[in-house]
Amino acid sequence: MQLRFDFVEPEPPPLQIHYVRMRQARRYIMRVRPDGALRVTIPRGGSRAEAQRFAERHRDWALRQRSRVLAAKRPPEEEAALKAQARRDLPPRLLVLAAQHGVTVTGISIRGQRSRWGSCSPSGHIALNYRLMLTPAHVREYILIHELMHLKQADHSRKFWRHVEAACPGFREAERWLRRNGPSLF
């Protein structure tokens, strides 16, 4: 007697679409959330009916992206290990870079932001995404420097980018890597 095992793909959760009105948005945007649901942003002056038509026009793209997102979900143990590694490795490196560039960091937190690699408050607190541990070292270094340069220049003006380029001459390559590969890490 021969046993036969069939692998059955788990059925994805039913498609949910959340419509969110954002006054500062300038266009309709659709994103796939980590749970597989879709989020459609309605810009100022936009309508829910137009948002529904927008979602329908981009349905095929959304379903492809959704299957990628659901397939790429990491097991909880792996997520916990990434977070622990980030808490252990990122703060000391950030402080070394801060000292090298003459800026003072008042606090560091490791978080799981869904669309940001890091942020810097006016008071000098820097929040870093634990998923930075999934990026190459040169990209991770660029993000740390990027956030530190906000302590010299708060906005993304030309002056800010001059600070970034002086501190990290290869930042454009890191930006390209993030544009190509970053979304798949969230």
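## Around E79

Leaving aside neighbours within four places in sequence, E79 is in contact with R74 and Y130. Contact here means heavy atoms within 4.5 Å. E79 sits in helix α3. Its relative accessibility is 15%, so E79 counts as buried. The cut-offs are under 20% relative accessible area for buried, over 50% for exposed and partly exposed in between (1.4 Å probe, protein chains only).

This is a predicted model: local features need pLDDT of at least 70, side-chain atom pairs count only at pLDDT 80 or more, and totals for chains, interfaces and linings use all residues. Residues are numbered from 1 along each chain as its sequence is written, and side-chain values use heavy atoms, with hydrogens and water left out.

## The chain as a whole

The protein chain has six helices and six strands. Helices (H or I, at least four residues) and strands (E, at least two) are DSSP runs, numbered from the N terminus. Along the sequence, the elements follow the pattern β-β-β-α-α-α-β-β-β-α-α-α.

The radius of gyration of the protein chain is 20 Å, whereas a compact globule of 186 residues would have one near 16 Å. That radius is taken over C-alpha atoms, and the globule rule is 2.2 Å times the number of residues to the power 0.38. Along the principal axes, the C-alpha atoms fill a box of roughly 65 × 60 × 25 Å. Of the 186 residues, 37% are buried. Among contacts with a separation of 6 or more, 44% link residues 24 or more positions apart.

## The sheet of β1, β2 and β3

Strands β1, β3 and β2 form an open sheet in the order β1-β3-β2, with mixed pairing. β1 and β2 are the edge strands; each has a single partner strand, so one side of each lacks a neighbour in the sheet. From one strand to the next, the twist averages 20°. Strands count as paired if DSSP finds at least two bridges between them.

β1 (residues 17–21) and β3 run parallel, joined by five bridges. In this pair, I17 stands opposite L38 of β3. β2 (residues 29–32) and β3 run antiparallel, with four bridges. Here M30 has V40 of β3 as its bridge partner. β2 and β3 also form a hairpin with five residues between them. In that turn, G36 has a positive phi of about 95°.

How many residues of β3 (residues 38–42) are buried? Four of the five are, so β3 is largely enclosed by the rest of the structure. Helix α1 (residues 48–57) lies across β1, β2 and β3, and runs at about 135° to β1. Axes are lines fitted to C-alpha atoms, for helices over the stretch in contact, and angles run from 0 to 180 degrees between N-to-C directions.

## The sheet of β4, β5 and β6

Another open sheet of three strands has the order β4-β6-β5, again with mixed pairing. Its edge strands are β4 (107–111) and β5 (118–120), each pairing on one side only. The twist averages 15° from one strand to the next. β5 and β6 (residues 125–129) run antiparallel, with three bridges between them. G118 stands opposite L128 of β6.

Two helices lie across these strands. Helix α3 (residues 76–100) covers β4 and β6, running at about 145° to β4. Helix α4 (residues 137–149) lies across β5 and β6, at about 155° to β6.

F160 lies in helix α5 (residues 158–167). Is F160 buried or exposed? At 0% relative accessibility, F160 counts as buried. Not counting residues up to four places away in sequence, F160 touches H146, M149, H150, Q153 and D155. L15 is 145 residues away from F160 along the chain, and their C-alpha atoms are separated by 41 Å.

The axes of α5 and helix α6 (residues 171–181) come within 9 Å and cross at roughly 105°. That makes α5 roughly perpendicular to α6. Angles under 35 degrees count as roughly parallel, over 145 as roughly antiparallel, 65 to 115 as roughly perpendicular and the rest as oblique. W161, V164 and E165 of α5 make the contact with F171, R172 and E175 of α6. By class, this contact has three nonpolar, no polar and three charged residues. Ala, Val, Leu, Ile, Met, Phe, Trp, Tyr, Cys and Pro count as nonpolar, Asp, Glu, Lys and Arg as charged, and the others, Gly among them, as polar.
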